[in-house]
Every structure is written in structure tokens, then in C-alpha cells.
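Colleague: Could you take me on a close look at the ligand site, with the cut-offs spelled out as you go?

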Amino acid sequence: MAGNRTFSMIKPDAVAEGNIGAILKMMEEAGFRIVAMKKTQLSKATAGKFYEVHKERPFYNDLTDYMSSGPIVALILEKDNAVADFRKLIGATNPADAEEGTIRKLYAKSIEANAVHGSDADETAQQEGSFFFAETERS
Ligand code: CMP
């Protein structure tokens, strides 16, 4: 039976450093199936829309500048318990707090340039996946 899904982005810092392959390998080795994947560059406006929930936060402007500064890789991933298991695999938002062996511990540079994004709930995973992929690309 198919598992459930989460949405991820490999962020500009990790793409620029040549870490796409290593990060995808960690995802696959942890049991995630890649349902959909694309490399693209966000405009500042599109990054702003994606992170709209953080609009009032002090880091919003820097975050959207950063997320539009270079290409990203957007992914829909499938596995049982996908959202929670993926958050475990990537580690804490701030790499200083991330556990050994997590993607952020290995590849993140800072709380902003933190290598990867992972959805925080099933509903957000659905919304975020639909933001990047047409229905025909995620079936
Ligand atoms: P992400 O999981 O993509 O969701 C929001 C992002 O905002 C987060 O990862 C961080 O990269 C970024 N961010 C920058 N500063 C902060 C902060 N002080 N607290 C939380 N997130 C932050």
C-alpha cells in the first residue's frame, strides 16, 4: 500500500554546494520514494507566497531573499508516517540543535540556510505539494 506524503525543498545553499545527490541518497536510504521532483528558481514574490504563513515574522524578508537567491529542488516524497519521519531525518531547524546524522547536521550552514525544508503537517504537505506540482505530476 502507498504510504503518505510530505513535501521537501533542497534549498539554495545545498544546491550551490553540490549536495543535491547526497541529500537525495539520504532520503531514499531512509525509505522515502520520490513521487515528484523539479529543479527551479523561485522569484522573491513566489518565495513570499510559499512562506506566507511567516509573513509577520522578523526573518520573513531575509528568508524570501535567500530562497529566491538560487535554484532549489522541490520534491514530493512518500513513505508511511512521511511528515514525522522526514522531520526526524532532516533534524532541528537550527543546525546547531540538529542531531548527529541528520541532513541539517551534515549540510546546513545556519538557521536560514538550513539545506532542506520539510512540511510540518499532512495538510501543509498537501498544500505545499500542490503549490509546486500540477495534479498530473503528483499522481
Ligand atoms: P523551513 O522549515 O523552510 O521553514 C521556515 C524557514 O524560516 C526555516 O526553515 C528557516 O530556514 C527560516 N528561518 C530563518 N530564521 C528563522 C528563525 N529565527 N526561526 C525559525 N525559522 C527561521
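Modeller: Happy to! An N or O atom in the side chain of N114 is 3.3 Å from an oxygen atom of the ligand, a polar contact being a pair of N or O atoms within 3.5 Å. K11 has a polar side-chain atom 2.7 Å from a ligand oxygen atom, and for H117 the corresponding distance to an oxygen atom of the ligand is 2.9 Å. Taken alone, the ligand exposes 450 Å², and the protein buries 78% of that (accessible areas by the Shrake-Rupley method with a 1.4 Å probe).

A word on the basis: this is a predicted model, in which local features need pLDDT of at least 70 and side-chain atom pairs count only at pLDDT 80 or more, while totals for chains, interfaces and linings use all residues. Residues are numbered from 1 along each chain as its sequence is written, and side-chain values use heavy atoms, with hydrogens and water left out.

Around the ligand, counting residues with a heavy atom within 4 Å of it, you will also find Y51, H54, F59 and L63, among others. By class, that shell has four nonpolar, four polar and three charged residues (Ala, Val, Leu, Ile, Met, Phe, Trp, Tyr, Cys and Pro count as nonpolar, Asp, Glu, Lys and Arg as charged, the others, Gly among them, as polar).

The ligand takes the space of the largest pocket, meaning that more than half of its atoms lie within 2 Å of the pocket's grid points. A pocket here is an open set of points on a 1 Å grid over the protein atoms alone, where a 1.4 Å probe fits, with protein on both sides within 12 Å along at least five of seven lines; lining residues have an atom within 4 Å of a point. This one is lined by 22 residues, with Y51, H54, L63, H117 and G118 nearest its centre.

Conventions
Polar contact = N/O pair within 3.5 Å; in protein donor to acceptor, adjacent residues only side chain to side chain.
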